[in-house]
Amino acid sequence: MSSKLTRDQIAARVAQDIPEGAYVNLGIGLPTLVANHLPADREVILHTENGMLGMGPAPAKGQEDYDLINAGKQPVTELPGCSFFHHADSFAMMRGGHLDICVLGAFQVSQHGDLANWHTGAPDAIPAVGGAMDLAIGAKDVFVMMELLTRDGQSKLVAECSYPLTGVRCVSRVYTDLAVFDIRSDGVTVIDMFGDMSADELLRLTGLPLKFSR
């Protein structure tokens, strides 16, 4: 298989597409890495669902303040002008359409943009919906950041989700270690491929009728 992007490289690729002045929520897990790759000359206002607007990147080692954390309980930094507010106000921002982009992890994304990221349905799995449902319906654009294949080599980009849904037809773009996919009304379009990944190999891995922008 072709060379893959590392998790930090996927995060950097997501950061590349976040425009100046955007209000953005970074979901728990992999998406938190995006904060460390936003260009210093671009103003992006990061929101956390636990009640902070104006979050900065992760602190340097030894400079952590565990009273200052994101929704995933990871230490973060403050940018000039940041603000703090009640958890309920934070969810009002999410549900009220005030976020331009949210970046979420996923177990599966369907070709129609359905999102499954809170529960695998396994009897021993611990459900963890958090604010994902609110973000999925509230943000203007939902970006998903994930590795394309499971440990068993199955594609997480699927025709139909087999796991419980977080949101229906909500995902607009999927960033993976092998390619970037746009979810459009006429199907899934590949807008970027990495390493020596080929169109034929990507078609084989996903089993979907993909389109290619180049």
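In this predicted model, Phe-107 is partly exposed, with a relative accessible area of 34%. Tyr-163 is also partly exposed, at 29%. For both residues the value falls between the cut-offs of 20% for buried and 50% for exposed. Under the ring-centre criterion, the count comes to 2 aromatic pairs. Phe-107 and Tyr-163 form an aromatic pair with edge-to-face geometry. Planes over 60 degrees apart count as edge-to-face. Phe-107 sits in the loop between E5 and strand E6 (108–110), and Tyr-163 in the loop between strand E9 (157–158) and E10, so the pair ties together parts that are 56 residues apart in sequence.

The strands E5 and E10 also belong to an open sheet of 10 strands. The strand order is E4-E3-E2-E1-E5-E8-E10-E11-E12-E13. Pairing in this sheet is mixed. Strand E4 (78–84) and strand E13 (211–212) stand at the edges. Each has a single partner strand, so one side of each is left without a neighbour in the sheet.

Strand E11 (residues 179–184) pairs with strand E12 (residues 187–193) in the antiparallel sense. The pairing spans 6 bridges. Within it, Arg-184 stands opposite Gly-187 in E12.

Key
Residues numbered from 1 in each chain as written. Predicted model: local features only at pLDDT ≥ 70, side-chain atom pairs only at ≥ 80, totals over all residues. Heavy atoms only, no water. Pairing = 2+ DSSP bridges. Helix = DSSP H or I, 4+ residues; strand = E, 2+ residues; numbered from the N terminus. Phe/Tyr/Trp six-rings, centres within 6.5 Å; stacked < 30°, edge-to-face > 60°. Buried < 20%, exposed > 50% of the residue type's maximum accessible area, 1.4 Å probe, protein only.
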